[in-house]
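Hi everyone, thanks for coming. I'd like to walk you through one structure today, so please bring it up on your screens.

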Amino acid sequence: EQIYESAQPFEAPNWTKDASALIYNVSGRAEGWGQLNRFDLVTKKPSPLNTGPNNRNNNDHVLSFDGTMLGISDQSQEHGGQSCIFTLPSKGGVPKRITPLTPSYLHGWSPDGKFLVFTGGRSNKFDIYKIPSDASAPEIRLTDAMGLNDGPEYSPDGTYIYFNSSRTGKMQVWRMKPDGSGQEQITNDGYNNWFPHVSPDGKWIAIISFPEEINPTDHPYYKQCYLRLLPVEGGTPKVIAYVYGGQGTINVPSWSPDSRRIAFVSNTDLAK
């Protein structure tokens, strides 16, 4: 079901805990890029979300499991235009800086709200880290593997962190325990699989899959790709949507609270 379109690109819808709205970022490079909007699902109208001076937000923004807090990845010039993680109330407010180091791209909260898990670029290598959500302690590195490690997200029960990694060649879905131990590969097929999102009921994993010819470490904006679904316990993924999208389509948690729908962005040519 298409619920909104815009000539100005936008990305990465988060579904709010009360099921009343989606939160997305305005993208592209036209006026207003980096702003976060709250899209009301009843009126079908967007309105700006106040993130204070941190208004150059990329598509890595995540709501806490209880819906009260929002984590953002801001690229304002005050930290060199590099992505830096902040938190603020989900209704808007004054952001608090969490990651001292950049670039840091947020992807998940722990279910108890105590940790943020993110992709960090350190010494020209991208791995997965976690940090207390109150910034009370330094970041902790969870992966140290070949290739790109990205897209970390906690399962709703807090048992695992799911992520994607190119360490075995193609980009595939992996999971590990919250302390980084027990890293195991979940998918192994001819596609490049990104951004695993576990449904709130803990039964399903939604992923975006790029064709084999796409560079495993690239998740481009405008390509034909698939949204696929697989059971948490394992199995063959099934296609649930064919989209023209990629970066920003579902790179953040986007399940509805009842686990029945997924919000996503597909790009089309609006030229008449």
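Let me begin with a term: two strands pair if DSSP finds at least two bridges between them. The elements themselves are DSSP runs numbered from the N terminus, with helices (H or I) of at least four residues and strands (E) of at least two.

A word on where this comes from: this is a predicted model, in which local features need pLDDT of at least 70, side-chain atom pairs count only at pLDDT 80 or more, and totals for chains, interfaces and linings use all residues. Residues are numbered from 1 along each chain as its sequence is written, and side-chain values use heavy atoms, with hydrogens and water left out.

Now to the sheet. In what order do the 4 strands of the open sheet come? The order is E9-E10-E11-E12, with antiparallel pairing. At the edges sit E9 and strand E12 (140-141), each of which pairs on one side only.

Let's follow the strands across. E9, residues 104-109, joins E10, residues 115-122, through 5 bridges in the antiparallel sense. Here Tyr105 is opposite Thr119 of E10. Moving on, E10 and E11 (residues 125-132) also run antiparallel, joined by 8 bridges, and Thr119 has Ile128 as its bridge partner in E11.

How covered is E9? Mostly: 5 of its 6 residues are buried, where buried means under 20% relative accessible area, exposed means over 50%, and partly exposed lies in between (1.4 Å probe, protein chains only).

E9 and E10 make a hairpin with 5 residues between them, and in the turn Gly113 has a positive phi of about 80°. Ser110 belongs to this loop. Is Ser110 buried or exposed? Ser110 counts as buried because its relative accessibility is 4%. A polar atom of the Ser110 side chain lies 3.1 Å from the backbone nitrogen of Lys114. Setting aside neighbours within four places in sequence, Ser110 is in contact (heavy atoms within 4.5 Å) with Phe65, Phe115 and Tyr154.

Tyr154 leads me to my last stop. Pro220 is 66 residues from Tyr154 in sequence and 24 Å away in space, C-alpha to C-alpha. Pro220 sits in the loop between strand E18 (204-210) and strand E19 (223-231). Pro220 is buried too, at 14% relative accessible area. Beyond its neighbours within four places, Pro220 has contacts including Phe210, Ile214 and Gly245.

Definitions and conventions: Contact = heavy atoms within 4.5 Å. Polar contact = N/O pair within 3.5 Å; in protein donor to acceptor, adjacent residues only side chain to side chain.
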